[in-house]
Amino acid sequence: MADVLLKEVRKSFGALEVIQGIDLAVEAGEFCVFVGPSGCGKSTLLRMIAGLEEVTAGAIEIAGKDVTYEEPSKRGIAMVFQSYALYPHLTVGENIGFGLSLARTPKAEIRSRVEAVAKVLQLEALLDRKPKALSGGQRQRVAIGRAIIRDPHVFLFDEPLSNLDAALRAQMRIELTDLHAKLGNTMIYVTHDQVEAMTMADRIVVLNGGRIEQVGTPMDLYDNPATPFVAGFIGSPK
Ligand code: ADP
Ligand code: MG
């Protein structure tokens with residue numbers, strides 16, 4: 001069954017239609033990557049799935065439920081952004097558990113859940129550090145930890161690695177793929193980076209000008225690009 005279903009989703013800002021009718025079914029447990037050039041509508045589409053942006057037309061279902069007009073906190077999603085702000089005065093452990101403290105979860109439960117998340121992300125030794133004593137990659141892992149601890153049904157990532165240097169990006173690509181294998185959640189990952197898309201995705205959605213150019217596995221897209229745009233962006237020249 002589709003876990004995230006987009007039906008004829010559209011978005012206009014004023015007279016400009018930036019998402020021009022997207023139909024897509026993301027399967028449960030899938031690592032689905034939205035890729036396309038800057039300005040093609042990736043973030044807008046992801047923000048509509050998250051409920052941070054209202055759709056102009058169409059409908060969105062998550063886990064079989066129509067969430068088109070549901071508020072973000074009730075959609076069963078967690079989102080990790082490109083620019084993530086950690087609380088500088090809180091430790092790594094407190095940063096990861098912050099959402100649970102807000103929800104008044106008992107302290108002992110917060111501690112055990114923070115420890116479980118830290119183990120998955122290999123942050124166990126760093127729980128008492130402040131963010132300024134962390135590397136860029138470690139900080140990004142803390143930001144991902146804050147999302148994981150909420151145990152979302154679906155993870156949404158918007159270019160989470162684009163502020164990291166090339167070596168760290170390569171390492172984090174592997175870590176995120178491993179994380180997906182461990183957690184098994186549905187993940188939708190937005191990037192403008194073809195290498196990220198090709199190495200991480202179960203399935204790639206190529207966007208261009210607010211429309212889908214092609215949906216397929218990395219091999220499908222590489223071997224059989226459906227349009228010259230896809231060929232130029234990802235596939236081998238035909
Ligand atoms: P991407 O994430 O692929 O780079 P975006 O979804 O951010 O693209 O933007 C798609 C288009 O929508 C761009 O032309 C952008 O300028 C426009 N846009 C995005 N957000 C707004 C907004 N709040 N108001 C007006 N235009 C916007
Ligand atoms: Mg964007």
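This is a predicted model: local features need pLDDT of at least 70, side-chain atom pairs count only at pLDDT 80 or more; totals for chains, interfaces and linings use all residues.
For sorting residues by class, Ala, Val, Leu, Ile, Met, Phe, Trp, Tyr, Cys and Pro count as nonpolar, Asp, Glu, Lys and Arg as charged, and the others, Gly among them, as polar.

Around ligand 1 lie Phe13, Val18, Gly36, Ser38, Gly39, Cys40, Gly41, Lys42, Ser43 and Thr44. By class, this shell comprises six polar residues, three nonpolar ones and one charged residue. Helix α1, which spans residues 42–50, supplies three residues, the largest share of the shell.

A helix pair comes next. The axes of helix α2 (residues 92–102) and helix α4 (residues 136–148) come within 7 Å and cross at roughly 30 degrees. Angles under 35 degrees count as roughly parallel, and α2 and α4 are therefore roughly parallel to each other. Their crossing is right-handed. On the α2 side, the contact involves Val92, Asn95, Ile96, Phe98 and Gly99, which meet Val142, Gly145 and Arg146 of α4. Sorted by class, the residues of this contact are four nonpolar, three polar and one charged.

Finally, two loop residues deserve a look for their backbone angles. Arg104, in the loop between α2 and α3 (107–120), has a phi near 60 degrees, a positive value in a residue other than glycine. Arg104 counts as exposed because it has 7 C-beta neighbours inside 10 Å. Gln122 sits in the loop between α3 and α4, and its phi is positive too, at about 55 degrees, although Gln122 is not a glycine. A residue is exposed if it has 12 or fewer such neighbours, so Gln122, with 12 C-beta neighbours inside 10 Å, counts as exposed.

Terms used: Residues are numbered from 1 along each chain as its sequence is written. Chains are lettered from A and ligands numbered from 1 in the order in which they are written. A residue is near a molecule or strand if its C-beta atom, placed from the backbone, lies within 6 Å of it. Helices (H or I, at least four residues) and strands (E, at least two) are DSSP runs, numbered from the N terminus. Axes are lines fitted to C-alpha atoms, for helices over the stretch in contact, and angles run from 0 to 180 degrees between N-to-C directions. Angles under 35 degrees count as roughly parallel, over 145 as roughly antiparallel, 65 to 115 as roughly perpendicular and the rest as oblique. A crossing is left-handed if the near helix is turned anticlockwise from the far one by less than a right angle, and right-handed if clockwise. Two residues are in contact if their C-beta atoms, placed from the backbone, lie within 7 Å. A residue is buried if 20 or more other C-beta atoms lie within 10 Å of its own, exposed if 12 or fewer, and partly exposed in between; C-beta atoms are placed from the backbone.
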